[in-house]
Amino acid sequence: MQILKKIWWLILLAAIAGAILLSNYFEQKNLSAKKSFALEDLNSISDIEISSLNGTLTLNKQGDDWFVNDSFKAYPPAVEVLHRVLLRLTPVTPIPLAVNDSLLQQARVNGLQVTIRSGRRVVKEYSILSTDVFNLGDIGVMSGAETAYRLTLPSFEGRIVSLFRVDEVYWKLHQINLIPLQQITSVEVEQPNAIEKSFRIDIVEDHYQLYDIYKGSFVTHFDSLKVERFLQSLSLIEYKEFLGNDNIPQMLTQPDHIISIRSGHGDVHGLRIFPIPIEPYIDELGRKIKYDPNNVYLSYQPDKGIYLVGYMDIYPLLWDLSYFYQNTQ
């Protein structure tokens, strides 16, 4: 009987010890989860939602591609940058207790909100706030946690929040999407500084008509292949940087070129091309250079976007009327 009692006591003690160890294991796992911001891998991730005071953006995986707000394919290099952040986001230390509660609240109310899902299951959900308090920089707090952590990103010295973008333009392929070539019915190019070089191209029943705006008459002899190449260059325009909306510097009062592209639906896409003033200098040929020879500003309607565009990327649009003349003229 005594032996049985000892065995039962040993079993009970082993059960209690096991329960304590199991409890500690889950407690440590729970604590680890509350400060584990980085993903182990991205293979099972289907959705990434980013919200800020400026709006919300959702990346959804479809096959091998990511789509933005179920609207357009995301620019692959932009997706790669975000993926590197999600895999390497590292908590360093808990923030000081003196400011933990206040900054934790600010992060959840005014900070960046990130939700990562695999199907319907939430894999990670946390808030990030950029703050100058105690020079903490970026802090993060997991959903349901009561402790915020200072965050770092290996080999990155800027603000981490700047790598989570909710503006759709950032995620687009760096091309301005204009009216598709097959939908264009006319293109008018005006040169305010040289109106005699302005022209209009009409597409009538798959034939081109070239109109001299200055003379008010149609050109009877022109190179239709050059007209076609010009129209093709209007389909997509690459840009270097999106500068915002209505952000053209005040000194740029008059564009060099005004291009109006009309579709069969009656909508008009307007482009205004501005040279960029620089500090004048004399080049190797003795010419005085007053404008940036490599870049121009481009204003695009109807979204009022302002873009920095490389001169060589916009060059095919800068022809004047004489370009289309046949050699016989």
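How many bridges join strand β12 to strand β13? I found 6 bridges between β12 (residues 199–204) and β13 (residues 207–212), which run antiparallel. Strands here are DSSP runs of E with at least two residues, helices are runs of H or I with at least four, and both are numbered from the N terminus. Two strands pair if DSSP finds at least two bridges between them.

A note on the source: this is a predicted model, where local features need pLDDT of at least 70, side-chain atom pairs count only at pLDDT 80 or more, and totals for chains, interfaces and linings use all residues. Residues are numbered from 1 along each chain as its sequence is written, and side-chain values use heavy atoms, with hydrogens and water left out.

Next I looked at the turn between β12 and β13: this hairpin has 2 residues between the strands, and Glu205 there has a positive phi of about 50°. Asp202 stands opposite Gln209 in β13.

I then followed β13 onward. It pairs with β14 (residues 217–219) in the antiparallel sense over 3 bridges, and Asp212 stands opposite Ser217. Their hairpin has 4 residues between the strands, with Gly216 at a positive phi of about 70°.

My last stop was helix α3 (residues 97–110), which has 14 residues. Val99, Asn100, Leu103, Leu104 and Ala107 of α3 are buried, meaning under 20% relative accessible area with a 1.4 Å probe, protein chains only.

Conventions. Expected span 1.5 Å × (residues − 1). Buried < 20%, exposed > 50% of the residue type's maximum accessible area, 1.4 Å probe, protein only.
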